[in-house]
Amino acid sequence: QLQLMESGGGLVQPGGSLRLSCVASGSTLGVYAIGWFRQAPGKEREGVSCITAGGGDTVYADSVEGRFTISRDNAKNTVYLQMNSLKPEDTAVYYCAATMGLARFTIQRLCTMTTVDSWGQGTQVSVSS
């Protein structure tokens, strides 16, 4: 069973940057599409960005396009989310999640939360002056 653990959250000023990490254990990360999601207080969980198992395709929410970058290092069983130009509205608990599959359509299913095999526990990101 794939287990996921997020890290890298914290408090940052508007305009600042953070890099989140999602480390996998219990299974080989390279057969899973991975996504980052977030949930702000009083709001539904939403997909932020997803990446295919091989790393060749990515998708982003409109609200983070051009500011966030998802990447992965399968040799290290780790997926990253580089977040730049952070805004107060980016404040949320950030989760990583996985869906098994090598095809590109897997990230569509993952980012819409249609099919999710594993969730991490989340890491808090707060953007405030």
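Me: Helices (H or I, at least four residues) and strands (E, at least two) are DSSP runs, numbered from the N terminus. Where does that place Thr99?
Reply: Thr99 belongs to strand S9, which covers residues 92-100. The model is predicted, so local features need pLDDT of at least 70 and side-chain atom pairs count only at pLDDT 80 or more, while totals for chains, interfaces and linings use all residues. Residues are numbered from 1 along each chain as its sequence is written, and side-chain values use heavy atoms, with hydrogens and water left out.

Me: Why is Thr99 called buried?
Reply: Buried means under 20% relative accessible area, exposed over 50%, and partly exposed in between (1.4 Å probe, protein chains only). Thr99 has a relative accessible area of 3%, so it counts as buried.

Me: What does Thr99 touch, not counting residues up to four places away in sequence?
Reply: Contact means heavy atoms within 4.5 Å. On that basis Thr99 touches Val31, Tyr32, Ala33, Thr106, Leu110, Thr115, Val116 and Asp117.

Me: Which strand holds Leu20, and what makes Leu20 count as buried?
Reply: Leu20 sits in strand S3. The relative accessibility of Leu20 is 0%, so the residue counts as buried. Its contacts, not counting residues up to four places away in sequence, include Ser7, Trp36, Val79, Leu81, Met83, Tyr94 and Val125. Between Leu20 and Val93 there are 73 residues of sequence separation and 11 Å in space, C-alpha to C-alpha.

Me: How do you know that S3 and S8 pair?
Reply: Two strands pair if DSSP finds at least two bridges between them. S3 and S8 have six bridges, in the antiparallel sense. Val23 stands opposite Thr78 in S8, and Ser21 stands opposite Tyr80 in S8.

Me: Which other pairings involve S3 or S8?
Reply: Strand S1 (residues 3-7) pairs with S3 over five bridges, again antiparallel, and Leu4 stands opposite Ala24 in S3. S7 and S8 also run antiparallel, joined by six bridges. Ser71 has Tyr80 in S8 as its bridge partner.

Me: What makes S8 mostly covered?
Reply: Five of the six residues of S8 are buried.

Me: Why does Gly122 count as partly exposed?
Reply: Gly122 has 25% relative accessibility, so it counts as partly exposed. Gly122 lies in the loop between S10 and S11. Gly122 and Ser21 are 101 residues apart in sequence and 11 Å apart in space, C-alpha to C-alpha.

Me: What makes a group of residues a nonpolar core, and which members of the largest one touch the most other members?
Reply: A nonpolar core is a set of buried Ala, Val, Leu, Ile, Met, Phe, Trp, Tyr and Cys residues joined through side-chain atoms within 4.5 Å. The largest has 28 residues, and Trp36, Phe68, Val79, Leu81, Met83 and Tyr94 touch the most other members. Strands that each supply at least two residues of this core include S3 (18-25), S4 (32-39), S8 (78-83) and S9. Another core, of eight residues, lies apart from it, with Ala33, Cys50, Ile107 and Leu110 among its members. In soluble globular proteins, nonpolar side chains tend to be buried together.
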